[in-house]
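Have a go at each task before reading its solution.

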Amino acid sequence: MNNMTILVVDDDPVIRKMLEKRLEKAGYEVLIAEDGYQARKMLPQQHIDVVLTDLMMPGSIGGLEVLDIAKNISPNIEVILITAHSSIDTAVEAMKKGAADYLEKPINFDELFLRLEKIANMQSIMRNALDLSQAMDTTESVASETIQNLEIMNAGLQSRLNTLEAILRDEQISTYERIDKAIDLLTA
Amino acid sequence: MLKITPEELKLVAQYIHDISGIFLDQSKSYLFETRLGTIATEHGCNTYKELYQKAKTDPSKSIERKIIDAISTNETLFFRDKGPFELLQHKLLPELIDARTPSSTALKTNLKIWSAASSTGQELYSIAIIIKELLPNIANYSVKLLGTDISDGAVAQASRGKYNKFEMERGLPSDKLQRYFTMFGDSWTIKDDIRAMVQFKKLNLMMPFVGLGKFDIIFCRNVAIYFTLPDRQKLFNKIADSLADDGFLIIGSTESLTGICPRFVPKRHLRSIFYQKTS
């Protein structure tokens with residue numbers, strides 16, 4: 001069972017329907033946007049793991065703009081672009097801007113599912129790493145409190161020992177006085 | 001993954017200690033295998049002994065550098081563990097500035113800070129950001145921020161000041177991120193004004209500290225934990241020599257100098273501890 005939520009953005013209703021069916025069958029949660037404008041509205045409103053967007057769409061919000069919008073909302077949203085062969089240069093440019101990958105039309109579903117699995121694995125590794133680092137932070141903060149208290153207590157004891165030694169070595173006063181003063185220090 | 005034999009473990013552990021001071025637990029053979037296995041294969045070695053011999057006799061020292069890069073831990077964050085940075089901002093820097101400000105306004109106030117195991121630079125850049133925010137009239141100061149690390153790879157990345165989203169994920173408040181970094185794609189680069197405040201270079205903490213001079217504040221966090229007790233004692237003794245008499249030392253929040261260096265005394269400020277030299 002895949003629990004990633006994928007937003008499909010494509011102005012072609014046939015491709016949209018096909019992607020929706022195949023992805024749902026594979027167990028993904030699928031959301032649909034008919035163009036970049038709709039995607040822009042949907043992206044901030046719900047949790048989305050992956051955006052699968054056409055590069056060329058009508059209007060001023062194409063795939064590259066959808067990529068920017070998604071990355072601005074969260075760098076953790078991964079974006080896969082769907083491109084025609086002729087626009088591969090743009091797709092490569094998009095990769096530099098943070099797109100996870102691009103797929104050429106016609107869509108090869110085996111390839112798409114491989115990419116999605118790769119993203120899911122990556123996200124699960126990221127989550128584990130984050131959990132581990134949070135566990136480490138907790139351990140560290142508890143340990144540091146204990147260690148710092150011991151460090152200060154130890155420094156205090158050390159300074160008392162030094163004073164004690166000075167008292168016991170003080171030849172200006174009698175042995176009894178030294179013992180009295182030493183006991184005073186220890187019971188203070 | 002290439003397996004390491006018990007004899008090789010001894011040999012390689014000793015070698016790593018010699019070149020870096022890092023003490024690796026020989027019972028953790030996986031540590032050696034996961035970190036050195038690829039380097040061995042890359043250099044066509046069928047055993048770790050072969051890798052050791054190649055590394056030792058390589059005049060360019062490039063294998064040695066790769067081994068150090070692989071062995072040294074680069075877990076670091078911007079503002080990792082808030083305590084030391086709050087300490088710096090609210091106590092150490094104000095106190096130092098009071099003590100260091102010359103009576104003549106024609107003179108600049110000197111401040112020298114050293115991040116002794118700077119890894120990929122996040123600690124020193126965090127310090128630079130704090131100083132920039134604390135001193136609006138920074139031109140009146142002569143601020144020297146030095147970061148050193150044993151790993152060439154870490155020093156190179158620190159110098160570039162470029163970080164991927166995973167490295168940026170924790171620790172950095174978004175207002176600081178926007179103000180001090182330029183984003184391109186998935187990576188962030190520190191802006192030039194902060195970059196210009198710092199300098200990074202390679203240094204093995206086991207070697208003598210030549211030409212570094214005295215510092216007002218030294219950060220030496222979470223590096224001595226990889227050294228043996230005698231090596232830690234030597235290290236903090238040298239650090240005491242490199243610290244101004246009224247200077248401050250900050251170590252990792254779970255580290256202790258008890259039984260390591262009697263020349264330092266711990267002091268508490270709020271929830272943090274710093275060290276000063278005993279008078």
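**Exercise 1.** Work out how far apart the centres of domain 1 and domain 2 of chain B are, and what makes up the side of domain 1 that touches domain 2.

*Solution.* Keep in mind that this is a predicted model.

Step 1: grab the bounds. An automatic or database assignment gives residues 6-71 of chain B to domain 1 and 82-277 to domain 2.

Step 2: take the centres over C-alpha atoms, and you get a separation of 30 Å.

Step 3: look for contacts. On the domain 1 side of chain B 7 residues take part, facing 11 residues of domain 2.

Step 4: see where the domain 1 side comes from. α4(B) supplies the largest share, with 3 residues.

Step 5: sort that side of domain 1 by type: 3 nonpolar, 2 polar and 2 charged residues.

**Exercise 2.** Describe how α2(B) packs against α4(B): which way do the two helices run relative to each other, and which residues meet?

*Solution.* Two numbers describe a pair of packed helices: the angle between their axes and the distance between those axes.

Step 1: get both. For α2(B), residues 29-42, and α4(B), residues 62-71, the angle is about 155° and the axes lie 9 Å apart.

Step 2: apply the cut-off. Angles over 145 degrees count as roughly antiparallel, so α2(B) and α4(B) are roughly antiparallel to each other.

Step 3: The crossing of α2(B) past α4(B) is right-handed.

Step 4: list the partners. From α2(B) come R35(B), L36(B) and I39(B), and they meet K66(B), I67(B), A70(B) and I71(B) of α4(B).

Step 5: classify the residues of this α2(B)–α4(B) contact: 5 are nonpolar, 2 are charged and none is polar.

Conventions. Residues numbered from 1 in each chain as written. Chains lettered and ligands numbered in written order. Predicted model: local features only at pLDDT ≥ 70, side-chain atom pairs only at ≥ 80, totals over all residues. Axes fitted to C-alpha atoms, helices over the stretch in contact; angles between N-to-C directions. Helix = DSSP H or I, 4+ residues; strand = E, 2+ residues; numbered from the N terminus. Parallel < 35°, antiparallel > 145°, perpendicular 65-115°, else oblique. Left-handed = near helix turned anticlockwise from the far one by under 90°. Nonpolar A, V, L, I, M, F, W, Y, C, P; charged D, E, K, R; others polar.
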